[in-house]
Amino acid sequence: KVEAPQEFEAVRRAERETTMAWKLLHSMPIPALVADSYYGIRLLQLLVRHRRKLRNYLGPDRLQFPHEAMFPIMDANMSAESWDFCQILQSRLNRGEAMSQDETLTFLKLLKEAGDGVLSKAFGQMMGHLALAHALLMHEEGRETAMKALAHAESLYQLYKYMQYRQKPPQFTEEVLFTGWYNGGDYMHFFFSAWPFWELQLEVAKQLRLLEEPKLAAREDEEFEPTFLIYCGQLDLSAESFGRWPGHLALAISQGTDCRRHMLEALLETRDTAWVIVLSPFLAEVELNGLTRALHRGIKFLRK
């Protein structure tokens, strides 16, 4: 048995308390964290921030963990189907969008036949149901249906943790620090996993909060200042494309070839407009609901 050296052990009171807090948070049920906890969103924001710092500092893309380390454990032996879904999911979250229900259900069906390892398959199924809950909320299918998907995700999450604790750690010789994390069988794997585990929970929590505060969300929409949107390209955009836009929205749309001239002329008309949005001419195959939500969030962020 390989024992961690003294400097890796939590010997100070602050370190012991921090470790205990992480373990308690790690054991918290997913529905309770995203739906029932008053501090859920704030906690998830902190988790996402710490995860980014740790991954950027200790686990950059060019410095991969050795395959024999089996770390992070949920990424070990991932199939091509799981990896593709993971990357697309992360890309959608970066753009403020969600996977569609069809994409998520298709992935869950493929995962049954995919060649994932036992742990990676259980974790992938959990992430699939979590993504399904996000899709249901983003497409306004209702809280009750989304909570059922979250309940499935939680049952799979408990199954994953049960199987992880039953795994025997490999015999390391040099990766002492990784051995300590592996034997803990807890949150350190989530920090370095390719799966956006906490990021997805954060987005689900935000959508649930919006459902619980419709009056507040409506008031924020009514306070939107006039917005002017400029676009020149191949997309067929119109006022109806942004039908749910809160407040007044003026558009200058062109599908001509002289986009530079069109945009310069349109910008001259925006002197008395609070917000000006200039869409790239290279935009293609955009999901309009996702684009509208991303623009909403961008303006709301700039207004803070």
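**Reading the model**

Visitor: Is Gln201 buried or exposed?
Guide: In this predicted model, Gln201 has a relative accessibility of 1%. A residue counts as buried when that value is under 20%, and therefore Gln201 is buried.

Visitor: In which helix is Gln201, and which residues is Gln201 in contact with?
Guide: Gln201 has its place in helix H10, which covers residues 197–212. When the neighbours within four places in sequence are left aside, the residues in contact with Gln201 are Ile30, Leu33, Val34, Leu44 and Leu130.

Visitor: How many helices and strands does the protein chain have, and what share of its residues is buried?
Guide: The protein chain has 13 helices and three strands. Of the 304 residues in the protein chain, the buried ones make up 44%.

Visitor: Are H4 and H5 roughly parallel or roughly antiparallel to each other?
Guide: Helix H4 and helix H5, the latter made of residues 101–113, pack with their axes 10 Å apart and at an angle of about 160 degrees. Angles over 145 degrees count as roughly antiparallel, and H4 and H5 are therefore roughly antiparallel.

Visitor: Which residues make the contact of H4 with H5, and how many of them are charged?
Guide: H4 passes H5 in a left-handed crossing. On the side of H4 the contact is made by Glu81, Ser82, Phe85 and Arg92, and on the side of H5 by Glu103, Thr104, Phe107, Leu110 and Leu111. Sorted by class, the contact has four nonpolar and two polar residues, and the number of charged residues is three.

Visitor: Is H4 roughly parallel or roughly antiparallel to H6?
Guide: H4 packs against helix H6, which is made of residues 118–138, at an angle of about 30 degrees, and the two axes are 12 Å apart. Because angles under 35 degrees count as roughly parallel, H4 is, relative to H6, roughly parallel.

Visitor: Which residues of H4 and H6 meet, and how many of them are nonpolar?
Guide: The crossing in which H4 passes H6 is left-handed. Phe85, Leu89 and Leu93 belong to H4, and they meet Met127, Gly128, Ala131 and His134 of H6. By class, this contact has no charged residues and two polar ones, while the number of nonpolar residues is five.

Visitor: Which two cysteines does a disulfide join, and how far apart in sequence are the parts that the pair ties together?
Guide: The disulfide joins Cys232 to Cys259, with an S to S distance of 2.1 Å, and both cysteines are buried. Cys232 lies in strand S1 (residues 227–232) and Cys259 in helix H12 (residues 259–267), so the separation in sequence of the parts tied together by the pair is 27 residues.

Visitor: Is the link of Cys232 and Cys259 left-handed or right-handed?
Guide: What decides the matter here is the angle about the S-S bond, which is -70 degrees. With that angle, the link of Cys232 and Cys259 is left-handed.

Definitions and conventions. Residues numbered from 1 in each chain as written. Predicted model: local features only at pLDDT ≥ 70, side-chain atom pairs only at ≥ 80, totals over all residues. Heavy atoms only, no water. Disulfide = S-S within 2.5 Å. Helix = DSSP H or I, 4+ residues; strand = E, 2+ residues; numbered from the N terminus. Buried < 20%, exposed > 50% of the residue type's maximum accessible area, 1.4 Å probe, protein only. Axes fitted to C-alpha atoms, helices over the stretch in contact; angles between N-to-C directions. Parallel < 35°, antiparallel > 145°, perpendicular 65-115°, else oblique. Left-handed = near helix turned anticlockwise from the far one by under 90°. Contact = heavy atoms within 4.5 Å. Nonpolar A, V, L, I, M, F, W, Y, C, P; charged D, E, K, R; others polar.
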